[in-house]
Amino acid sequence: MATTPRPGLRRPRAASPAALLPLLVIALLVLSAAFAPAAHAAAPIPGSPLDAYDKQVPYDTGVHQLARLAALIAYALLVATVVLGVMLRLRFMQRSVNRATFYGAHMTLALSAMIFGCIHGVTFLYQPVWRMGIKEFTVPFTSGMQRIPVGFGILGTELAIAVACAVWLQRRLGYRRWLRFHQLAYAAFALIWLHVLLVHPEPRHVDLVAVGVAAGALTVLLALLIRALPSRSRLRQRGVAGRTGAAR
């Protein structure tokens, strides 16, 4: 027998994407363990200077340093972009700083992260050992070398670019639809994080780069958990709505 809901009572809301973050982290750890090479001592890292030496292919160390520096800067900017985007939704931060200032900084950081990410990718076109062309640079999972890790990086970068470009379609899509699409930025960060973790063993060792990569991921995780938790104002609104419905 069907029952009609009483006035003032709301149906429980579906869990937000951020609420599923622990499962996403577990999935990332499982994937990292599955795709991580078993041993690096037996064979050189694909695309490394030693790999190029074994294959008798020229290797430009200057281009390598530029790619590494651009990758680190892009990752740091991406972490700052996600964290600042979460802060845009927090009311107590808006009391201290103007929302327009936060929004401008968020967009600037996002654009800078994509620029440095693209610089990082373009440098591999000039390393003969990678054998990358326009197709391998733009189509995910088509690279002949480190196909899975490189594919994660390309897919994450292209998804981040799509999320950023959707800002110009916000009025046509409507705010709610645009917001749902904008939340794919979390998926883009997860893909790029997988790329950083798997493409080279350096982030999986105990060094300064590994600490930075882990700190960035934990910062984003903490920001998303804060975003997923209901604020005091929302709890007060729900309490007022419940008391009003009960009074009726």
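# Cysteines, aromatic pairs and cores in an all-helix chain

Visitor: Is Cys165 buried, partly exposed or exposed in this model?
Guide: In this predicted model, Cys165 has a relative accessibility of 41%. Buried would require a value under 20% and exposed a value over 50%, so Cys165 falls in the class between them and counts as partly exposed.

Visitor: How many disulfides does the chain have?
Guide: Cys118, at 32% relative accessibility, counts as partly exposed, as does Cys165 at 41%. A disulfide requires two cysteine sulfur atoms within 2.5 Å, and by this rule the number of disulfides comes to zero.

Visitor: How many helices does the secondary structure of the protein chain contain?
Guide: Read from the N terminus on, the elements run α-α-α-α-α-α-α-α-α-α-α-α. There are zero strands in the protein chain, and the number of helices is 12.

Visitor: Which geometric class describes the pair formed by the rings of Phe141 and Phe152?
Guide: A search of the whole structure finds four aromatic pairs, and in the pair of Phe141 and Phe152 the ring centres are 5.8 Å apart with the planes at 85°. Because planes over 60 degrees apart meet the cut-off for that class, the pair of Phe141 and Phe152 is edge-to-face.

Visitor: How many residues apart in sequence are the parts that the pair of Phe141 and Phe152 ties together?
Guide: Phe141 lies in the loop between α6 (134–138) and α7 (147–165), whereas Phe152 lies in helix α7. At 30% relative accessibility Phe141 counts as partly exposed, while Phe152 counts as buried at 10%. The parts that this pair ties together are separated in sequence by 11 residues.

Visitor: Which class is assigned to the pair of Tyr175 and Trp178, whose rings have their centres 5.9 Å apart?
Guide: Tyr175 and Trp178 both lie in helix α9 (residues 175–182), three residues or about one turn of the helix apart. Tyr175 is partly exposed, with a relative accessible area of 41%, whereas Trp178 counts as buried at 9%. The planes of the two rings stand at 40°, so the pair is tilted.

Visitor: Which element gives the most residues to the largest nonpolar core?
Guide: The largest nonpolar core has 23 residues, and those with the most contacts inside it are Tyr75, Val79, Phe189, Trp193, Val213 and Val220. Two or more residues each come from α3, α10 (184–199) and α11 (208–228). With eight residues, the element that gives the most to this core is α10.

Visitor: How many residues make up the other core, to which Val129 belongs?
Guide: This core lies apart from the largest one, and its members include Ala67, Val129, Met145 and Ile154. Its number of residues is 11.

Visitor: Which helix supplies the largest share of the nonpolar surface patch?
Guide: Leu66, Leu111, Ile115 and Ile119 make a nonpolar surface patch of about 340 Å². Leu66 lies in helix α3 (residues 61–87) and is partly exposed, with a relative accessible area of 44%. The largest share of the patch, three residues, comes from residues 99–123, which form helix α5.

Visitor: How far apart in space are Ser48 and Trp130, C-alpha to C-alpha?
Guide: Ser48 is placed in the loop between α1 (21–35) and α2 (49–54), and at 12% relative accessibility Ser48 counts as buried. Ser48 and Trp130 are 82 residues apart in sequence, and their C-alpha to C-alpha distance in space is 9.0 Å.

Technical notes: Residues are numbered from 1 along each chain as its sequence is written. This is a predicted model: local features need pLDDT of at least 70, side-chain atom pairs count only at pLDDT 80 or more; totals for chains, interfaces and linings use all residues. Side-chain values use heavy atoms; hydrogens and water are left out. Patches are made of residues with over 30% relative accessible area and no salt bridge: like charges are joined within 9 Å, nonpolar side chains (Val, Leu, Ile, Met, Phe, Trp, Tyr) within 5 Å. Accessible areas come from the Shrake-Rupley method with a 1.4 Å probe; for residues, only the protein chains shown count as cover. A salt bridge is a side-chain nitrogen of Lys or Arg within 4 Å of a carboxyl oxygen of Asp or Glu. Helices (H or I, at least four residues) and strands (E, at least two) are DSSP runs, numbered from the N terminus. Buried means under 20% relative accessible area, exposed over 50%, partly exposed in between (1.4 Å probe, protein chains only). Rings of Phe, Tyr and Trp (its six-membered ring) pair if their centres lie within 6.5 Å; planes under 30 degrees apart count as stacked, over 60 as edge-to-face and the rest as tilted. A nonpolar core is a set of buried Ala, Val, Leu, Ile, Met, Phe, Trp, Tyr and Cys residues joined through side-chain atoms within 4.5 Å.
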